[in-house]
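Hi there,

Here is the structure I promised to pass on to you. Have a look at it first, and then read my notes below.

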Amino acid sequence: MSALPHRPARPLRADAERSMARILEAAERVFATDPFASMEEIATAAGVARTTVHRRFSSRDELRDALVSVINAKLREAFASAHVETAPPLVALYQLTMTTLDLKADWRAAWQLVDEGTQGIDADIIAELDALLQRSRDTGLLRRNVDIPWMRSIYMALIHEAATARDDDDSASGWARLIMQTLLSGIGDEEHDLERLLADTRDHTQE
């Protein structure tokens with residue numbers, strides 16, 4: 001998973017934002033079934049003129065890059081909602097895992113672009129995940145003798161495998177539990193009672 005610098009985009013008008021959202025959502029649906037679909041097919045799926053798509057995106061590559069930007073934006077929202085800087089590390093990891101699994105399910109084509117290395121997760125998101133893993137290590141949740149990049153690789157690989165194996169009607173919480181149990185069994189600092197820790201998670205999120 002490569003890291004790229006985050007480049008803030010110029011704000012769009014409300015109508016332009018709606019048009020952009022329709023195009024990106026249509027591109028996700030179309031690319032999920034046909035990665036080589038044309039811009040015209042995406043315009044048809046979005047219910048807009050082909051010229052509208054070309055006005056927003058000069059090429060398929062630019063449109064594909066925009067889909068990866070959607071993933072980065074939604075990951076930032078996921079990190080914020082998981083309170084990764086203030087919540088207990090397991091709480092934050094569990095919430096982040098559930099949200100990421102749903103994000104992978106909803107934006108499969110865009111995530112495929114990330115997995116292929118066409119464009120990576122932004123550097124600030126990688127840094128935020130590393131900081132959460134560092135807190136997990138410092139508080140004794142994960143082993144102190146395992147370096148952070150390796151922890152990150154394991155965590156992201158578990159999410160990828162779970163998202164691949166997950167059926168459409170499977171709940172994210174069940175798979176998130178399996179990921180956390182596997183993570184703690186493999187690189188946990190000690191034997192943890194996952195259900196007790198998850199009960200603490202529920203107590204924290206209800207506060």
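**What I found**

Leaving out residues up to four places away in sequence, Thr100 touches Leu75, Trp111 and Ile159, where contact means heavy atoms within 4.5 Å. Thr100 sits in helix H5; helices here are DSSP runs of H or I with at least four residues, numbered from the N terminus. With a relative accessible area of 4%, Thr100 is buried, a word that means under 20% relative accessible area with a 1.4 Å probe, protein chains only. Thr100 and Ala163 are 63 residues apart in sequence, and their C-alpha atoms are 9.1 Å apart in space.

A word on the source: this is a predicted model, in which local features need pLDDT of at least 70 and side-chain atom pairs count only at pLDDT 80 or more, while totals for chains, interfaces and linings use all residues. Residues are numbered from 1 along each chain as its sequence is written, and side-chain values use heavy atoms, with hydrogens and water left out.

Now to the core. The largest nonpolar core has 66 residues, and Phe57, Leu63, Ile71 and Tyr155 have the most contacts inside it. Such a core is a set of buried Ala, Val, Leu, Ile, Met, Phe, Trp, Tyr and Cys residues joined through side-chain atoms within 4.5 Å. At least three of its residues come from each of domain 1 (11-58) and domain 2 (67-188), with bounds taken from an automatic or database domain assignment. Phe57 touches Met20, Ile23, Leu24, Met39, Glu62, Leu63 and Ala66, again not counting residues up to four places away in sequence.

Ser19, in helix H1, is buried at 7% relative accessible area; beyond its neighbours within four places in sequence, Ser19 is in contact with Thr52 and Arg56. Ala37 is in the loop between H1 and H2 and counts as buried because its relative accessibility is 0%. The C-alpha atoms of Ala37 and Arg60 are separated by 9.0 Å, with the two residues 23 apart along the chain.

Last, a helix pair. The axes of H4 and H7 come within 10 Å and cross at roughly 30 degrees, so H4 is roughly parallel to H7 (angles under 35 degrees count as such). Asn72, Leu75, Arg76 and Phe79 of H4 make the contact with Asp124, Ile125, Glu128 and Leu129 of H7.

Best wishes

Note on methods: Buried < 20%, exposed > 50% of the residue type's maximum accessible area, 1.4 Å probe, protein only. Helix = DSSP H or I, 4+ residues; strand = E, 2+ residues; numbered from the N terminus. Axes fitted to C-alpha atoms, helices over the stretch in contact; angles between N-to-C directions. Parallel < 35°, antiparallel > 145°, perpendicular 65-115°, else oblique.
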